[in-house]
Amino acid sequence: MNENKKHESTKKKLKIIGFVLLGAGIALSVTGLASFFSAFRTGSTPDLFFCAIIGFPMLGAGAAILTFAYKREIMRYAKNESVPVINEASEEISPAVKNVAAAVNEGLKSEKTITCLKCGTANPADGKFCRECGTTLRTVCPNCGEKISPDDKFCNNCGEKLK
């Protein structure tokens with residue numbers, strides 16, 4: 001017997017057992033509860049209340065077995081109910097996500113700048129002189145000779161204190 005047939009056979013047995021336990025649990029619970037409530041009217045003791053004590057766990061066991069036996073059907077139903085809602089939500093959120101992605105992309109593409117210490121103009125990071133006042137934007141580290149910005153306090157290459 002292949003695995004799929006064996007699996008389906010087991011599921012069928014679980015469904016039968018689950019319905020039998022559920023039915024017996026309902027019958028016993030109703031019998032026990034009827035005995036309990038009828039005893040109040042007559043003033044006697046409930047003779048069959050033990051049926052409810054047996055029936056309630058049978059109800060739970062039957063429901064648990066049926067839930068296990070119908071797991072695939074339950075999950076398929078949940079998926080079929082959830083997927084359209086998720087798709088609809090993603091269509092509504094998509095423009096906002098695209099706007100955020102475009103803003104991030106624009107920010108990443110934007111040119112890095114260096115500010116002139118003399119006039120405060122923003123200049124391209126690879127610029128050598130300020131495009132507004134002509135002041136040099138780069139100097140050389142006295143320790144290692146690496147190009148540095150005039151406002152750097154330490155050299156990016158060797159870590160030497162500059163000022």
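Q: Buried means under 20% relative accessible area, exposed means over 50%, and partly exposed lies in between (1.4 Å probe, protein chains only); by this rule, is Pro57 buried or exposed?
A: The model is predicted, and local features need pLDDT of at least 70, side-chain atom pairs count only at pLDDT 80 or more, while totals for chains, interfaces and linings use all residues. Residues are numbered from 1 along each chain as its sequence is written, and side-chain values use heavy atoms, with hydrogens and water left out. Pro57 is found in helix α2, where helices (H or I, at least four residues) and strands (E, at least two) are DSSP runs numbered from the N terminus. Because Pro57 has a relative accessible area of 51%, it counts as exposed.

Q: What distance separates the end C-alpha atoms of helix α1?
A: The expected span of a helix is 1.5 Å times one less than its number of residues. Helix α1 covers residues 3-42, and at 1.5 Å a residue its 40 residues should span 58 Å. The end C-alpha atoms agree with this expectation, because their separation is 58 Å.

Q: How many residues does helix α2 have?
A: Helix α2 takes in residues 49-69, and from its first C-alpha to its last it reaches 30 Å.

Q: At the start of α1, which residue's backbone nitrogen is reached by a side-chain oxygen of Asn2?
A: A polar contact is a pair of N or O atoms within 3.5 Å; within protein, one must be able to donate a hydrogen and the other to accept it, and residues adjacent in sequence count only if both atoms are side-chain atoms. The side-chain oxygen of Asn2 comes to within 3.3 Å of a backbone nitrogen at the start of α1, and that nitrogen belongs to Asn4.

Q: Which residue follows α1, with a positive phi?
A: Once helix α1 is over, the chain continues with a residue whose phi is positive, near 80°. That residue is Gly43.

Q: Which residue forms a salt bridge with Arg72?
A: A salt bridge is a side-chain nitrogen of Lys or Arg within 4 Å of a carboxyl oxygen of Asp or Glu, and by this rule the count comes to three. In the pair that includes Arg72, the closest N and O atoms are 3.4 Å apart. The pair links distant parts of the chain, 64 residues apart, with Arg72 in helix α3 (residues 71-109) and its partner in helix α1. That partner is Glu8.

Q: Which residues do salt bridges with shared partners join into one network?
A: Lys11 forms a salt bridge with Glu73, with the closest N and O atoms 3.5 Å apart, and this pair links helix α1 to helix α3 across 62 residues. The side chains of Glu73 and Lys15 also meet in a salt bridge (3.6 Å, N to O), and because Glu73 lies in helix α3 and Lys15 in helix α1, the pair ties together parts that are 58 residues apart in sequence. The shared partners make one network of Lys11, Lys15 and Glu73.

Q: Is Lys11 buried or exposed?
A: Lys11 touches Ala69, Arg72 and Glu73, not counting residues up to four places away in sequence, where contact means heavy atoms within 4.5 Å. Because its relative accessible area is 8%, Lys11 counts as buried.

Q: Which residues are in contact with Ser29, leaving aside its neighbours within four places in sequence?
A: Ser29 has its place in helix α1 and counts as buried because its relative accessibility is 4%. Several buried residues of α2, including Cys51, Ala52 and Gly55, are among the contacts of Ser29.

Q: Which helix gives the most to the nonpolar patch?
A: Patches are made of residues with over 30% relative accessible area and no salt bridge, with like charges joined within 9 Å and nonpolar side chains (Val, Leu, Ile, Met, Phe, Trp, Tyr) within 5 Å. Leu33, Phe37, Phe40 and Phe56 form such a nonpolar patch on the surface, with about 420 Å² of accessible area together, an area that comes from the Shrake-Rupley method with a 1.4 Å probe, where for residues only the protein chains shown count as cover. One of its members, Phe37, is partly exposed because its relative accessible area is 48%. With three residues, the helix that gives the most is α1.
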